[in-house]
Amino acid sequence: MDSILVKGGAELHGEIPIAGAKNACLTLMPATLLTEEPLTLMNAPRLSDIKTMTMLLQSLGAEVQSLQSGRVIAMSSLGPVKTRAEYDIVRKMRASNLVLGPLLAREGHAVVSLPGGCAIGARPMDIHIHALEALGAEIELKDGYLHAKAHGGLKGARVPLRFASVGATENTLMAATLAKGTTVIENAAREPEIVDLAACLSKMGAQIEGAGTSTITIQGVDRLGGATHPVVTDRIELGTYMLAPAICGGEVECIGGRIDLLVSFCEKLDEAGISITETDRGLKVARKNGRINAVDVKTAPFPGFPTDLQAQMMALLCTASGTSHLEETIFENRFMHAPELMRMGANIEVHGGTATVAGVEQLKGAPVMATDLRASVSLILAGLAARGETLVNRVYHLDRGYEHVEEKLGAVGARIERVAGS
Ligand code: EPZ
């Protein structure tokens, strides 16, 4: 297993290109199951999760080609497709459950493994199940698999979500495009990745209104065509790299960055003493002056502060002047980076869903363990500012969501290298 070695203390200067969004690509790819015509995605990120989704779709009989060294994904699924998503793929990546809605819509049945829990939480699927049942599906749990059937096809309906689940909104949105009649998703998730999915589905001929708001209305159609669609910028990668100069000084321009993807996050960075300047190529980020101000953060569904940037923000606040409070409201166990940051000298107390971070002058490098995707990168960020060396182990988590992190940070002056594992 590879590790990443970071030698702290260097200021960062230069440009970091921001890739297409992992969490948009992972819902755009299953949309190929909704049509027999070609669906091509541009600006795709080169990540191991994308490879996992590729394998899953290929196991169902879809043709998926990775072109231009992974930047373009050309897909098509002609004829009947298999409708069983096996546990050994789904357990590796929860987003595999996003084939459920498309398979139900296309074939009228599907057998999809429950993903099982992961490091950050139990990750149940009750919201997905209730939503698809509202569209007329019959879903039964047997031997860890969801067995779903839609006799006579799905029918449009009013679908109130008890929580604005991103994945449940995506599964329901894709299923509703081919349902008979009108579907209204209430309390829908509003993330930019939902807006991107709706834009792509509309190019394929779907009739969708309200994506990006809490109420999405879909008029079902008989069939969808193909499309070519550019994957939206990855706002979580963007936020992560905006924090790099914030944590260790210097000035970095994030190419492709857009403030509208991260309004709440940018407001918090401004409050913490970070300047963000919009340029014609992206966002330029630097500290306004010396220290970072302590701020309080509460994660929430979009447009609130993204849970996927909570760990990275904690890394910044470890050396802020004052005490910060981070409240995690989306996942039940998303503070696993805290004990690792404490090994580096951070002063953090976790009580339930709130972490209290008392700023210290300086972090000290240490060997630390990555536990999940976003925790991994928060340890890298902390290592950039720490005195001495930080060795982040188990970086396979990192490769799921960040393209060549050591290359992107190294290019702006970070002293960082990948150490091949045994
Ligand atoms: C998506 O996961 C993202 N993944 C996550 O990013 C992100 O953290 C999350 O949305 C929240 O923004 C992808 O898009 C591939 P949810 P998803 O359904 O759809 C509970 C990353 O680091 N819930 O909005 O699974 C759930 O347990 C990943 O890139 C139910 O209880 O998130 C969680 O506590 C991590 N029942 C909360 O809702 C359900 O049926 C939010 O989950 C579904 C969800």
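Glu 193 and Arg 235 form a salt bridge, with their closest N and O atoms 2.8 Å apart; the term stands for a side-chain nitrogen of Lys or Arg within 4 Å of a carboxyl oxygen of Asp or Glu. The structure is a predicted model, in which local features need pLDDT of at least 70 and side-chain atom pairs count only at pLDDT 80 or more, while totals for chains, interfaces and linings use all residues. Residues are numbered from 1 along each chain as its sequence is written, and side-chain values use heavy atoms, with hydrogens and water left out.

**Domains and their interface**

- The chain is divided into domain 1 (3-18 + 233-419) and domain 2 (22-230), with bounds from an automatic or database domain assignment.
- Taken over C-alpha atoms, the domain centres are 31 Å apart.
- In contact (heavy atoms within 4.5 Å) are 22 residues of domain 1 and 21 residues of domain 2.
- About 1800 Å² is buried between the two domains, and carbon and sulfur atoms give 50% of this area; buried area is the accessible area (1.4 Å probe) that two parts lose on being put together, summed over both.
- Phe 302, Arg 400 and Glu 403 supply 35% of the area that domain 1 buries against domain 2, more than any other three residues.
- Four salt bridges are found across this interface.
- The interface also has nine residue pairs in polar contact, both residues at pLDDT 80 or more; such a contact is a pair of N or O atoms within 3.5 Å, where within protein one must be able to donate a hydrogen and the other to accept it, and residues adjacent in sequence count only if both atoms are side-chain atoms.
- On the side of domain 1 that touches domain 2, α12 (373-385) and α13 (396-401) each supply at least two residues, and α13 gives the most, with three residues.
- Helices (H or I, at least four residues) and strands (E, at least two) are DSSP runs, numbered from the N terminus.

**Salt bridges**

- The whole structure holds 24 salt bridges.
- Asp 49 and Arg 400 form one of these, with closest N and O atoms 2.7 Å apart.
- This pair links distant parts of the chain, 351 residues apart: Asp 49 is in helix α2 (residues 48-59) and Arg 400 in helix α13.
- Asp 49 is buried, at 2% relative accessible area, whereas Arg 400 is partly exposed at 25%; buried means under 20% relative accessible area, exposed over 50%, and partly exposed in between (1.4 Å probe, protein chains only).
- Arg 162 and Asp 126 also meet in a salt bridge (2.8 Å, N to O).
- Arg 162 is exposed, with a relative accessible area of 63%, while Asp 126 is partly exposed at 24%.

**Thr 299**

- Thr 299 sits in the loop between β18 (297-298) and α10 (310-317).
- The relative accessible area of Thr 299 is 1%, so this residue is buried.
- Its side chain makes a polar contact with the side chain of Glu 328 (3.2 Å).
- Leaving out residues up to four places away in sequence, Thr 299 touches several residues, among them Phe 305, Pro 306, Gln 310 and Ile 330.

**Gly 410**

- Gly 410 belongs to helix α14 (residues 405-410) and is partly exposed, at 32% relative accessibility.
- The C-alpha atoms of Gly 410 and Val 6 are separated by 9.9 Å, although these residues are 404 residues apart along the chain.
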